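Visitor: I am new to this structure. Please show me how to read its features.

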Amino acid sequence: MKKTILGLFAFSMMSATALAADIKPAIIYDLGGKFDKSFNEAAFNGAEKFKTESGIEYREFEIANDAQREQALRRFASDGNSPIVMAGFNWAASLEKIAAEYPDTKFAIIDMVVEKPNVKSIVFKEQEGSYLVGVLAALASKSKTVSFVGGMDIPLIHKFACGYVGGAKSVGADVKVLEAYTGTTPDAWNDPVKGGEIAKSQIDQGADVVYHAAGGTGVGVLQAAADAGKLGIGVDSNQNMLQPGKVLTSMLKRVDVAVYDSFMAAKNDKFEFGVSNLGLKEDGVGYALDDNNKALITPEMHDTVEKVKADIIAGKVQVHDYMSTESCPY
């Protein structure tokens, strides 16, 4: 009897090991690296949470240039990694090719839709979260001029900008929103010096709250705002702590949740393909409130933005999606 119990125990341990071995998750970051304090770092945090909770290790890779995309993706797929999560829309072209070559591999891409039977596409309603921080920016602004610094000048980032403009102008039609971008190539995500220069220019034009959606470039934006005695707004990750007391809030884009859920779903054999579109209702976007910024957001501001959030979730307020028309009506 004792031998039987020991045998069953050994078999169960072997089964658990075999099950874990079948899950070989991997994540590949976009340009800017996993410690960009923004988009990539959020993805990294999601992978780390999965590892902590599951005890399963994951592979990762930080590309140095666009030429490495296809090579890195093919290497992970050929090594048997699955699921493979890619952080960023720039992975789409490589994924279109590699997904077809490895039909049994599970892939997930964040911020782009790739229509392949073995791909999960995760996109967000960035316009909704940006609308909320736009409301807060206008309420906090003394000059009634706020601004936006985007990274790469593409429709996705205009989606952030348009939501921000809509939220700010919902507070008052007289609120002015300045808007600029750091470039038209992927280098735009990793140029904090230029980000700071643009922010300074906007501040010189009267902006006293500056929101960025620029990846690593945004670190320079927040620094410039703090140096000028103005307020910044972070993005993707909670960036309130980068300039404590000088960051009004951060527009949270739950890239960490997207990565964690993708890995965990594969572990539990519940990985689903197709498109997931995450907004306020799904807790995919939001705004950050913590000890670093709680003194900046008055109870009245908090009540106002929470009311707007509830109205968006209930469908009473419709936030325009720039990518649906490639135009902004605000």
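Visitor: Which residue's side chain meets Glu 60 in a salt bridge?

Guide: First, the general idea. Side chains of opposite charge can pair when their charged atoms come close. A salt bridge here is a side-chain nitrogen of Lys or Arg within 4 Å of a carboxyl oxygen of Asp or Glu. Glu 60 pairs with Lys 34, at 2.7 Å from N to O. The pair ties together parts 26 residues apart in sequence, because Glu 60 lies in strand β2 (residues 59-62) and Lys 34 in the loop between β1 (26-29) and α2 (39-54). Helices (H or I, at least four residues) and strands (E, at least two) are DSSP runs, numbered from the N terminus.

Visitor: What should I know about the model and its numbering?

Guide: The model is predicted: local features need pLDDT of at least 70, side-chain atom pairs count only at pLDDT 80 or more, and totals for chains, interfaces and linings use all residues. Residues are numbered from 1 along each chain as its sequence is written, and side-chain values use heavy atoms, leaving out hydrogens and water.

Visitor: Is Lys 34 buried or exposed?

Guide: Buried means under 20% relative accessible area, exposed over 50%, and partly exposed in between (1.4 Å probe, protein chains only). Lys 34 has 11%, so Lys 34 is buried.

Visitor: How many salt bridges does the structure hold?

Guide: The count is 16. One of them joins Glu 96 and Lys 116, with the closest N and O atoms 3.8 Å apart. This pair links distant parts of the chain, 20 residues apart: Glu 96 is in helix α4 (residues 92-101), and Lys 116 is in the loop between β4 (107-110) and β5 (119-124). Glu 96 is partly exposed at 34%. Lys 116 is partly exposed too, at 27%.

Visitor: Which residue forms a salt bridge with Lys 294?

Guide: Asp 291 does, with the closest N and O atoms 3.3 Å apart. Both residues are exposed.

Visitor: Which residues are linked in a network of salt bridges?

Guide: Glu 70, Arg 74, Lys 97 and Glu 101 are.

Visitor: Where is Thr 217 found?

Guide: Look in the loop between β8 (209-213) and α8 (218-227). Thr 217 is buried, at 0% relative accessible area. A contact means heavy atoms within 4.5 Å. Not counting residues up to four places away in sequence, Thr 217 touches several residues, among them Thr 182, Trp 189 and Asp 191.
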